[in-house]
Amino acid sequence: MNWFLWDQLKTHAGFHRFFSGLIHFRKQEVALKHEAFLTDQDISWHGPHPFQPQWDHHLPFIAFTLHVDKKPLLYAAFNASHIAQPVTIPFQKETAQEGKGWEWVVNTAHSSPHDFYEERE
């Protein structure tokens with residue numbers, strides 16, 4: 001069961017596009033295919049600054065990096081506040097040497113259709 005009004009798909013096309021994209025991303029992303037509970041080798045937790053989660057504060061922000069083969073592969077940040085949160089994204093020395101860095105996939109601060117980046121370069 002769900003609350004989505006399938007008979008109003010055209011009215012909510014942006015919503016449908018966004019969640020269809022997330023489902024596709026989830027199925028394709030190797031960092032999201034763990035078959036066991038995550039260990040400290042698999043995940044790094046962050047607050048607004050890398051490797052400094054603020055567990056003891058009432059900050060509505062948490063972030064993490066998922067690792068595959070000990071390499072950082074996916075950074076995710078969640079801000080549950082209506083107030084923007086300045087964030088320092090962890091540096092990726094592995095990919096920086098190759099001239100690459102993090103790529104945006106989802107940014108819900110942007111309105112549809114700019115909230116989900118369907119084509120990754």
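Predicted model: local features only at pLDDT ≥ 70, side-chain atom pairs only at ≥ 80, totals over all residues.
Colleague: What makes residues 43-46 and residues 61-68 paired strands?

Modeller: Strands here are DSSP runs of E, at least two residues, and helices are runs of H or I, at least four, numbered from the N terminus. Two strands pair if DSSP finds at least two bridges between them. E1 (residues 43-46) and E2 share 4 bridges in the antiparallel sense, so they pass by that rule. Tryptophan 45 faces phenylalanine 64 in E2, and histidine 46 stands opposite alanine 63 in E2.

Colleague: How do you know that E2 and E3 pair?

Modeller: Same test: E2 and E3 (residues 71-79) have 8 antiparallel bridges, and the rule asks for at least two. One example is threonine 65, whose bridge partner in E3 is tyrosine 75. The two strands make a hairpin with 2 residues between them, and aspartate 69 in that turn has a positive phi of about 55°.

Colleague: Why are E1 and E3 said to stand at the edges?

Modeller: The 3 strands form an open antiparallel sheet in the order E1-E2-E3. E1 and E3 each have a single partner strand, so one side of each has no neighbour in the sheet. Neighbouring strands are turned by 20° against each other on average, direction ignored; the axes behind such angles are lines fitted to C-alpha atoms, for helices over the stretch in contact, with angles running from 0 to 180 degrees between N-to-C directions.

Colleague: Why is E2 called mostly covered?

Modeller: Because buried means under 20% relative accessible area, exposed means over 50%, and partly exposed is in between (1.4 Å probe, protein chains only). In E2, 6 of its 8 residues are buried.

Colleague: What makes tryptophan 45 and tryptophan 55 an edge-to-face pair?

Modeller: Rings of Phe, Tyr and Trp (its six-membered ring) pair if their centres lie within 6.5 Å; planes under 30 degrees apart are stacked, over 60 edge-to-face, and the rest tilted. The structure holds 7 aromatic pairs. Tryptophan 45 and tryptophan 55 are 5.5 Å apart centre to centre, with 65° between the planes, so edge-to-face it is. Tryptophan 45 is in strand E1 and tryptophan 55 in the loop between E1 and E2, 10 residues apart. At 36% relative accessibility, tryptophan 45 is partly exposed, while tryptophan 55, at 58%, is exposed. Elsewhere, ring pairs link Phe15, Phe18, Phe19 and Phe116 into a cluster.

Colleague: How do you know that arginine 17 and aspartate 115 form a salt bridge?

Modeller: The rule wants a side-chain nitrogen of Lys or Arg within 4 Å of a carboxyl oxygen of Asp or Glu. Arginine 17 and aspartate 115 come to 2.6 Å, N to O, so the pair qualifies. Arginine 17 sits in helix H1 (residues 13-28) and aspartate 115 in the segment after H2, so the pair ties together parts 98 residues apart in sequence.

Colleague: Why are both partners called buried?

Modeller: Arginine 17 has a relative accessible area of 19% and aspartate 115 has 9%, so each falls under the cut-off for buried.

Technical notes. Residues numbered from 1 in each chain as written. Heavy atoms only, no water.
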